[in-house]
2 protein chains.
Amino acid sequence: MNATNADWIAADWGTSNLRVWAMRDDEAIDMRNSDKGMNALASPEEFAAEIARITEGWPALPVVACGMVGARQGWVEVPYRTAPCPAIPELVAVPGDPGGRPVLIAGGVKQSHPPDVMRGEETQIAGILAARPDFDGVICLPGTHTKWVRISAGEICHFQTVMTGEVFSLLSRQSVLRHSMTEGSSDPRIAAFSDAVSEALSRPHQAWANLFRLRAADLVGHSAPGSAEGSLSGMLIGLDLGAARPYWLGEQVLIIGAPRLSALYASALEQQGSAPIIGDTDTATRAGLHAAWRQYRTRS
Amino acid sequence: MNATNADWIAADWGTSNLRVWAMRDDEAIDMRNSDKGMNALASPEEFAAEIARITEGWPALPVVACGMVGARQGWVEVPYRTAPCPAIPELVAVPGDPGGRPVLIAGGVKQSHPPDVMRGEETQIAGILAARPDFDGVICLPGTHTKWVRISAGEICHFQTVMTGEVFSLLSRQSVLRHSMTEGSSDPRIAAFSDAVSEALSRPHQAWANLFRLRAADLVGHSAPGSAEGSLSGMLIGLDLGAARPYWLGEQVLIIGAPRLSALYASALEQQGSAPIIGDTDTATRAGLHAAWRQYRTRS
């Protein structure tokens with residue numbers, strides 16, 4: 001297969017990365033990546049140039065994009081819809097058809113009480129619902145900003161964001177704890193991870209003071225080698241689960257995220273008696289963009 | 001007064017800064033600062049050169065130093081004593097009397113169960129106890145790594161470190177929350193601060209999810225202008241107080257730290273019915289170094 005058979009282009013355009021797929025209906029037939037995420041691009045001209053560059057040699061097909069490309073600091077600000085709302089995102093056209101073809105961007109979802117926002121996850125959710133239209137339960141999208149989303153009757157009912165990935169990254173790479181981290185030791189199978197999950201869930205008020213112990217245990221010679229990263233990861237995911245308890249307790253949970261992170265969340269949830277299902281992010285993103293694109297064509 | 005009347009030199013040598021005082025007995029008669037903290041110096045020669053430079057023109061008096069200068073990455077590693085232990089630190093001489101005079105460094109204190117460490121705070125505690133030898137209660141030293149220290153019979157009984165200052169700095173300057181921060185709005189008098197303290201103390205499991213709301217409230221237009229920094233500060237100090245509850249509940253608390261931070265902790269504690277006393281850091285540091293120096297001379 002090659003891209004000359006494609007009939008549209010799917011794009012996942014986040015803060016740090018851009019991924020595009022040459023699509024034929026709902027099937028990906030070619031794929032390209034770049035590190036020109038929203039943070040690397042400053043003006044509408046740069047976004048247009050990057051789309052032209054990354055699709056070079058592909059037919060001049062319509063591009064359907066989701067993610068931070070639609071934020072205020074992105075290419076074109078696409079308004080948030082307010083939850084509860086249907087999962088399939090509305091698409092907004094970039095003015096002037098850059099490079100002679102339509103570029104359409106999916107809007108995010110906001111919530112007023114309590115205030116919350118998402119951009120990109122709504123498309124993955126639409127993709128999941130395209131495959132399981134009757135899904136009634138909770139979708140967990142772990143990442144830099146983990147989202148817990150209540151789904152019912154094809155709608156995003158309400159959701160909650162926890163900054164778990166970002167806080168893990170700041171603490172493990174930039175705080176005093178970095179001296180005690182061993183790369184790659186956060187594995188759901190190690191005892192330090194599951195112990196820390198339990199501790200954070202049962203004594204959240206104490207978790208805060210447990211952070212410095214990861215460093216101190218090293219200094220006073222009381223730490224198991226290589227366990228600090230697993231403990232930190234377990235502690236933060238345990239706190240995340242504690243804050244999101246109303247989302248997962250007694251609910252069917254579907255996890256969509258990077259494989260390693262999804263395995264950590266699944267392990268933590270299983271420890272609490274939940275039986276989550278793990279899905280694939282890229283498949284969900286493409287299916288969600290396809291659903292949005294189909295809805296857009298039907299209406300226009 | 002000038003430094004020619006001095007009879008010893010006190011030095012507070014931390015991670016980022018060095019402060020020295022020309023002392024006559026327990027009185028400071030001159031003072032100098034530099035940004036050559038432990039992190040800026042790589043070898044014993046550089047530490048020696050910095051001491052020579054910063055005391056230039058002062059008599060070649062003995063230097064008594066506390067802080068991270070005694071850590072493994074510092075000038076000379078001074079062992080930790082194990083709590084419970086007397087508050088007055090033991091001094092260890094830098095080999096070879098650099099620059100033709102003794103340089104003495106105060107050792108830190110460690111704790112095995114749960115693991116914890118301090119370097120520098122023990123000297124401030126010794127200074128407080130020099131002025132109030134019968135103090136029985138808790139000393140709170142807010143900062144990058146806030147310490148809560150139980151004092152009884154002139155001894156450091158046990159203590160707990162919470163990484164409040166470091167986490168505040170990472171979240172307010174480097175996370176996505178930085179876009180919502182207004183410099184200087186963390187004031188104990190604003191409602192956002194005290195509301196966030198209460199919320200974090202009463203619902204610690206939820207605090208984690210409240211972090212992202214500080215950003216989302218801005219994006220959906222629901223935030224009071226300038227309140228995010230106060231909310232973040234209140235949230236983190238509330239979590240700190242929640243973890244340290246056994247330290248302050250029903251205890252006499254003495255706070256020693258930078259004035260603005262001390263005021264925030266005092267306000268949070270007052271909200272919980274505690275009546276803390278605020279002391280002065282520099283006075284405590286010099287008095288503690290003086291007590292250590294006097295003890296060292298008596299013994300040698």
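**Two chains and their parts**

Q: What makes the copies meet through the same surface?
A: 100% of the interface residues of chain B are also interface residues in chain A, so the copies meet through the same surface. Contact here means heavy atoms within 4.5 Å. By that rule, 45 residues of chain B touch 45 residues of chain A. This is a predicted model: local features need pLDDT of at least 70, side-chain atom pairs count only at pLDDT 80 or more, and totals for chains, interfaces and linings use all residues. Residues are numbered from 1 along each chain as its sequence is written, chains are lettered from A and ligands numbered from 1 in the order written, and side-chain values use heavy atoms, leaving out hydrogens and water.

Q: How much area do chain B and chain A bury between them?
A: About 3800 Å², with 72% of it on carbon and sulfur atoms. B:Met163, B:Trp208 and B:Phe212 supply 21% of the area that chain B buries against chain A, more than any other three residues. Buried area is the accessible area (1.4 Å probe) that two parts lose on being put together, summed over both.

Q: Why is strand 12 of chain A called largely enclosed?
A: Six of its seven residues are buried, so strand 12 (residues 146-152) is largely enclosed by the rest of the structure. Buried means under 20% relative accessible area, exposed over 50%, and partly exposed in between (1.4 Å probe, protein chains only).

Q: How do you know that strand 11 and strand 12 of chain A pair?
A: Two strands pair if DSSP finds at least two bridges between them. Five bridges join strand 11 (residues 137-141) to strand 12 of chain A, and the two run antiparallel. One bridge sets A:Cys140 against A:Trp148. Strand 12 also pairs with strand 13 (residues 155-162) of chain A, antiparallel, over seven bridges.

Q: What makes A:Arg150 and A:Glu251 a salt bridge?
A: Their side chains meet at 3.8 Å, N to O, and the limit is 4 Å. A:Arg150 lies in strand 12 and A:Glu251 in the loop between helix 7 (245-248) and strand 14 (253-256) of chain A, so the pair ties together parts that are 101 residues apart in sequence.

Q: Is A:Arg215 buried or exposed?
A: Buried, as its relative accessible area is 10%. Its salt-bridge partner A:Asp218, at 3.6 Å, is partly exposed at 34%.

Terms used. Helices (H or I, at least four residues) and strands (E, at least two) are DSSP runs, numbered from the N terminus.
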